[in-house]
Amino acid sequence: QDSVILSQTRVGVCTLTLNRPDKLNAANDELLLTLTTELRRAEADAAVRVVILTGAGRGFCAGQDLGDVSGRDMTFTEHLNHTYNPLIRTIRTLDKPVISAVNGVAAGAGASLALAGDIRLWAQSARLIEIFSNIALVPDSGSTWFLPRLVGYSRAFELMAFAERVDAETALKLGLCEHVFADETFMDDVQAYAERLAQRPANALKLTKQALGAALTSTLDEALDQEAALQQLAGDHWEHQEGVTAFKEKRAPDFVRA
Ligand code: T3D
């Protein structure tokens, strides 16, 4: 398989691998559009409960393929609206959890992709660089939205202004990732984590993702209204019944029904 995106589904977990390892998975249009399509395909596939995004080889994603920019027949704005922005929106609105499994360097739009996941798992040797200012560009693909929410305005500005390299230990401290795993066992650890997540109640997680996504830009009043509406959908679902029954019967709930 030599597609720019590799797809494999195992035990309810679909792994989408950016596959241009010679260029640290720098993104061309084909990669970005295919990744968006594959995410939607995973969303529609009943066998998939969790999606992992990762990179082949030693890099996660080195951002825009700089060999692909000159001579392009789109403006920057048109290009972002055609490729990166639909991808980031797809990740954040997908009705299944998306894990960014950051196996190596994540730079530029690759850093944005690393931040866009609902959960961010890093290998020990992974690095994140808001590298845009090195080529005098503005952080895009959601970085200006994700990063200040995680680290605060001034830290985000500093990381962007100096294109500072953030290592895994610092990322964990700053809240840019949830867990760091050893390089040697990274994808096994990520798969095990994803399989645990796949056992959780899929409908409740879908609604939780929706509620959290909305709450990030809402008032408390709006969040309370949103919770009340979504709780009805959760409460009416068989998963809720199973959770309550399992509690009463003093057994583990089974949220993965064939
Ligand atoms: O619409 C729009 O187009 C605007 C959107 C912009 C979004 C963006 O992402 S802008 C930012 C673009 N990305 C960069 O500026 C990063 C460029 N890469 C680097 O600075 C370094 O490669 C890294 C710091 C990421 C990693 O450094 P290192 O030393 O580990 O690896 P390397 O040797 O530089 O790279 C390995 C190979 O990958 C190398 O190819 P070679 O010499 O072995 O044939 C290198 O040229 C290639 N590569 C890495 N990044 C890119 C790339 N090729 C094309 N585009 C890249 N972005």
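Q: Which helix and which strand each supply at least two residues of the shell around the ligand?
A: In this predicted model, helix α2 (76–82) and strand β6 (105–107) each supply at least two. The largest share, three residues, comes from α2.

Q: How many residues surround the ligand, and which are the closest?
A: The shell has 24 residues, and the closest are A26, A62, G63, G108 and A109.

Q: How does the shell around the ligand divide by class?
A: There are 15 nonpolar residues, six polar and three charged.

Q: At what angle do helix α4 and helix α5 pack?
A: A helix pair is read from its axes: an angle, a distance and a hand. Here α4 (residues 109–116) and α5 (residues 143–151) pack at about 55 degrees, with their axes 9 Å apart. That angle makes α4 oblique to α5.

Q: Is the crossing of α4 and α5 left-handed or right-handed?
A: The crossing is left-handed.

Q: Which residues of α4 and α5 meet?
A: From α4 come A111, S112, L115 and A116; from α5 come S143, F146 and L147. By class, this contact has five nonpolar residues, two polar and no charged.

Q: Which domains does the assignment give for the chain?
A: Domain 1 covers 5–198, and domain 2 covers 202–248. Their C-alpha centres lie 27 Å apart. The contact takes seven residues from domain 1 and six from domain 2.

Q: How does the side of domain 1 that touches domain 2 divide by class?
A: That side of domain 1 has six charged residues, one nonpolar and no polar.

Definitions and conventions. Residues numbered from 1 in each chain as written. Predicted model: local features only at pLDDT ≥ 70, side-chain atom pairs only at ≥ 80, totals over all residues. Axes fitted to C-alpha atoms, helices over the stretch in contact; angles between N-to-C directions. Helix = DSSP H or I, 4+ residues; strand = E, 2+ residues; numbered from the N terminus. Parallel < 35°, antiparallel > 145°, perpendicular 65-115°, else oblique. Left-handed = near helix turned anticlockwise from the far one by under 90°. Contact = placed C-beta atoms within 7 Å. Nonpolar A, V, L, I, M, F, W, Y, C, P; charged D, E, K, R; others polar. Near = placed C-beta within 6 Å. Domains from an automatic or database assignment.
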